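Biologist: Could you walk me through this one? I'd like to go slowly and ask things as they come up.
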Amino acid sequence: MTVAHPARPSEPRTRQPPLQLSLQFADARHRALLPRHRVARWVRAALLAPGEITVRIVGAEEGQALNSSYRGRDYATNVLTFDYTQAPVVQADLVLCAPVVEREAQDLGLSLQAHYAHLLVHGTLHAQGWDHETGEADAQAMESLETSILLKLGFEDPYGLPAAATAAG
């Protein structure tokens with residue numbers, strides 16, 4: 001069954017929705033790469049409504065514990081999205097596992113910055129109801145929107161990589 005997606009704006013937005021961002025580093029290895037203004041730009045680009053978003057960068061142990069507790073998967077994953085409300089304000093926590101993000105970027109031949117941007121856009125879309133695990137049509141719609149956002153941010157199409165290289169999930 002296809003899930004209805006939040007409405008896409010028919011016209012390009014000239015003004016982005018307001019964002020209250022909390023940026024936390026439990027694992028500080030990428031702090032210099034992720035200044036608040038940069039993270040805010042990437043998250044805001046994917047928001048279709050005002051947002052209150054916490055982005056937390058964690059190590060492998062915390063990433064594995066959260067993935068195990070909330071998804072029943074006993075390994076650290078790249079990004080977890082905990083969405084609380086979608087309207088009128090998007091409220092969510094995005095948890096990114098620094099060692100996983102770094103390993104994937106290396107494996108994919110991407111800059112760490114490009115991979116973080118992709119995963120933050122990906123997680124922000126999940127926070128608004130987008131889901132790539134509900135069917136092929138939903139996956140294609142979400143990937144298309146991610147690609148459009150990332151291209152506007154100056155990054156390459158993350159899905160233009162070889163099939164084995166699609167890491168967001």
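Biologist: Leaving aside its neighbours within four places in sequence, which residues is Thr147 in contact with?
Modeller: Bearing in mind that this is a predicted model, Thr147 is in contact with Asp157, Pro158 and Tyr159 once the neighbours within four places in sequence are left aside.
Biologist: And where is Thr147 found, and is Thr147 buried or exposed?
Modeller: Thr147 is found in helix H5, and because its relative accessible area is 13%, which is under the 20% cut-off, Thr147 counts as buried.
Biologist: Okay, switching topic: at what angle do H1 and H4 pack?
Modeller: They pack at an angle of about 40°, and their axes lie 8 Å apart. That angle makes H1 oblique to H4, and the crossing of the two helices is right-handed.
Biologist: Which residues meet there, in H1 and in H4?
Modeller: From H1 come Arg38, Val39, Trp42, Val43 and Ala46, and these meet Gln113, Tyr116, Ala117, Leu120, Val121, Thr124 and Leu125 in H4. Sorted by kind, the residues of this contact are nine nonpolar, two polar and one charged.
Biologist: What about the largest nonpolar core, which residues touch the most other members?
Modeller: Those are Val55 and Leu96, in a core of 37 residues. Several elements give two or more residues to this core, including strand E2 (51-58), strand E4 (90-97) and helix H5 (136-152), while H4 gives the most, with eight residues.
Biologist: Beyond its neighbours within four places in sequence, what is Leu96 in contact with?
Modeller: Its contacts include Val55, Ile57, Val101, Tyr116 and Leu120. Apart from this core lies another one, of eight residues, among them Val58, Leu66, Ala76 and Cys97.

Definitions and conventions. Residues numbered from 1 in each chain as written. Predicted model: local features only at pLDDT ≥ 70, side-chain atom pairs only at ≥ 80, totals over all residues. Heavy atoms only, no water. Core = buried A, V, L, I, M, F, W, Y, C linked by side-chain atoms within 4.5 Å. Buried < 20%, exposed > 50% of the residue type's maximum accessible area, 1.4 Å probe, protein only. Helix = DSSP H or I, 4+ residues; strand = E, 2+ residues; numbered from the N terminus. Contact = heavy atoms within 4.5 Å. Axes fitted to C-alpha atoms, helices over the stretch in contact; angles between N-to-C directions. Parallel < 35°, antiparallel > 145°, perpendicular 65-115°, else oblique. Left-handed = near helix turned anticlockwise from the far one by under 90°. Nonpolar A, V, L, I, M, F, W, Y, C, P; charged D, E, K, R; others polar.
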